[in-house]
Amino acid sequence: MSDAQGIFTRLKEDHDHHRELLDQMAETSGETERRKELLEKFTKEVKSHAAAEEQALYSTMLRKPPTTDDTRHSVAEHHELDEALNDLAATDMSSPAWMAKFKQLDHDYRHHIEEEEEDHFPDFEEHLNDDDIAHMEKVFDRRKKEEKAEAEVTPESKDAAKE
């Protein structure tokens, strides 16, 4: 087993920041600048984090047969969260539907990151070597920066996404 704490600590720091943003968004109401700013910040943070996490961590874990099921599960959840973020952005912020969708997204995202932190990361660590870790740390920070520069809020209702 190797010292993978660095990359997992880095991922958890992002998760903690995402939890703070969710807490702040939960305190907003109506179509306010604060709510718009927080939604945009959260969306860009989460989309860039997820993309970088997939390119650094999950691409590595897919090459390790014992972890491929958990990896596929997390990547599928990333896709679902992306759709939920787009749907939330497409919903009228002053409507009750917005808060209902936000609460579902908040619940789903917290479940996802808790599952990663408590179940997946400790399991993954057992299958990593020093080269894997060095690669992941290098790729994660570079890709997150690149992804964040390109990340944007893309309003699309779930109904439209299915067409």
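**Close-up 1. D87 sits in helix α3, which covers residues 68–89.** Helices in these legends are DSSP runs of type H or I with at least four residues, strands are E runs with at least two, and both are numbered from the N terminus. This is a predicted model, in which local features need pLDDT of at least 70 and side-chain atom pairs count only at pLDDT 80 or more, while totals for chains, interfaces and linings use all residues. Residues are numbered from 1 along each chain as its sequence is written, and side-chain values use heavy atoms, leaving out hydrogens and water. Is D87 buried or exposed? With a relative accessible area of 7%, D87 is buried (buried means under 20% relative accessible area, exposed over 50%, and partly exposed in between, with a 1.4 Å probe and protein chains only). Setting aside neighbours within four places in sequence, D87 is in contact with K101, E156, S157 and K158 (contact means heavy atoms within 4.5 Å).

**Close-up 2. H78 is another residue to look for in helix α3.** H78 counts as buried, at 7% relative accessibility. Which residues does H78 contact, leaving aside its neighbours within four places in sequence? They are A50, E53, E54, Y58, H112 and E116.

**Close-up 3. Here helix α2 (residues 33–61) packs with α3.** Two packed helices are described by the angle between their axes and the distance between the axes. For α2 and α3, the angle is about 160° and the axes are 11 Å apart. Each axis is a line fitted to C-alpha atoms, for helices over the stretch in contact, and angles run from 0 to 180 degrees between N-to-C directions. The angle makes α2 roughly antiparallel to α3 (angles under 35 degrees count as roughly parallel, over 145 as roughly antiparallel, 65 to 115 as roughly perpendicular and the rest as oblique). The two helices make a left-handed crossing; a crossing is left-handed if the near helix is turned anticlockwise from the far one by less than a right angle, and right-handed if clockwise. On the α2 side, look for residues including L39, F42, V46 and M61, which meet α3 residues including V75, L85, L88 and A89. H78 of α3 is part of this meeting too, and so are A50, E53, E54 and Y58 of α2. By class, the contact of α2 with α3 has 10 nonpolar, 6 polar and 4 charged residues (Ala, Val, Leu, Ile, Met, Phe, Trp, Tyr, Cys and Pro count as nonpolar, Asp, Glu, Lys and Arg as charged, and the others, Gly among them, as polar).

**Close-up 4. Helix α2 also meets α5, and their axes come within 8 Å.** These axes cross at roughly 155°, which makes α2 roughly antiparallel to α5. The crossing of α2 and α5 is right-handed. Among the α2 residues in the contact are E45, H49, A52 and L57, and among those of α5 are M136, V139, F140 and R143. The contact of α2 with α5 divides into 7 nonpolar, 5 polar and 7 charged residues.

**Close-up 5. Helix α1 (residues 5–26) packs with helix α5 (residues 130–150).** How far apart are the axes of α1 and α5? They are 9 Å apart, and the angle is about 30°. The helices α1 and α5 are therefore roughly parallel to each other. Their crossing is left-handed. From α1 come G6, I7, R10, L11 and D14, while α5 brings M136, E137, F140, D141 and K144. Sorted by class, the contact of α1 with α5 has 4 nonpolar, 1 polar and 5 charged residues.

**Close-up 6. T154 lies in the loop between α5 and α6 (158–161).** T154 is partly exposed, with a relative accessible area of 30%. Not counting residues up to four places away in sequence, T154 touches K47 and N86. The side chains of T154 and K47 are joined by a polar contact of 3.0 Å, and the side chain of T154 makes another with the side chain of N86, at 2.7 Å. A polar contact is a pair of N or O atoms within 3.5 Å; within protein, one must be able to donate a hydrogen and the other to accept it, and residues adjacent in sequence count only if both atoms are side-chain atoms.

**Close-up 7. F124 lies in helix α4, which covers residues 96–125.** F124 counts as buried, at 0% relative accessibility. Apart from its neighbours within four places in sequence, F124 is in contact with F8, L57, Y58, M61, T67, D70 and T71.
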